[in-house]
Amino acid sequence: MKEIIKLHDLLGSEIRSRSNAEILREKIAEHSGSIIDLSDVSFISRSFADELCILVEKHIIQLHNASGVVQNMLSVVSESRKKKRVRKTDDTKIKEFDDMESLTSFLATI
């Protein structure tokens, strides 16, 4: 039987950073498959949603009871992971400065 992990109890109702995924990874490493219960979670950051999507794609976890803002974020991130990033231009030049004065002078010109 899969372990059910109530994310709210583990990380709280607002999960705002990718680093929280490491806490979840440590928890799910203890079990051979987990169901992540998202009830009572009112917000997850885009970066945390990305980490959840990785775990779902690898079939390590299943997500249950996501609603509202959380479900919307998961949907947006999941869709964006399907699209390849395309850079319109790749002609970016790197500027280096020896001191703050030269940096300040450059910034005054843009």
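Buried means under 20% relative accessible area, exposed over 50%, and partly exposed in between, with a 1.4 Å probe and protein chains only. The model is predicted: local features need pLDDT of at least 70, side-chain atom pairs count only at pLDDT 80 or more, and totals for chains, interfaces and linings use all residues. Residues are numbered from 1 along each chain as its sequence is written, and side-chain values use heavy atoms, with hydrogens and water left out.

Start at strand β3, residues 34–37. Strands (E, at least two residues) and helices (H or I, at least four) are DSSP runs, numbered from the N terminus. In a regular strand the side chains alternate between the two faces of the sheet. Strand β3 is covered on both faces. Ser34 and Ile36 are buried on one side, Ile35 and Asp37 on the other.

Now look at the partners of β3. Strands pair if DSSP finds at least two bridges between them. Strand β1 (residues 3–6) pairs with β3 in the parallel sense, over 4 bridges. Here Glu3 has Ser34 as its bridge partner. Strand β5 (residues 61–64) also runs parallel to β3, joined by 4 bridges. Ile35 is bridged to Gln62 in β5.

Next, the helices. The axes of α2 (residues 20–28) and α3 (residues 46–57) come within 9 Å and cross at roughly 30 degrees. Axes are lines fitted to C-alpha atoms, for helices over the stretch in contact, and angles run from 0 to 180 degrees between N-to-C directions. Contact means heavy atoms within 4.5 Å. Asn20, Ala21, Leu24, Arg25 and Ile28 in α2 meet Phe48, Glu51, Leu52 and Leu55 in α3.
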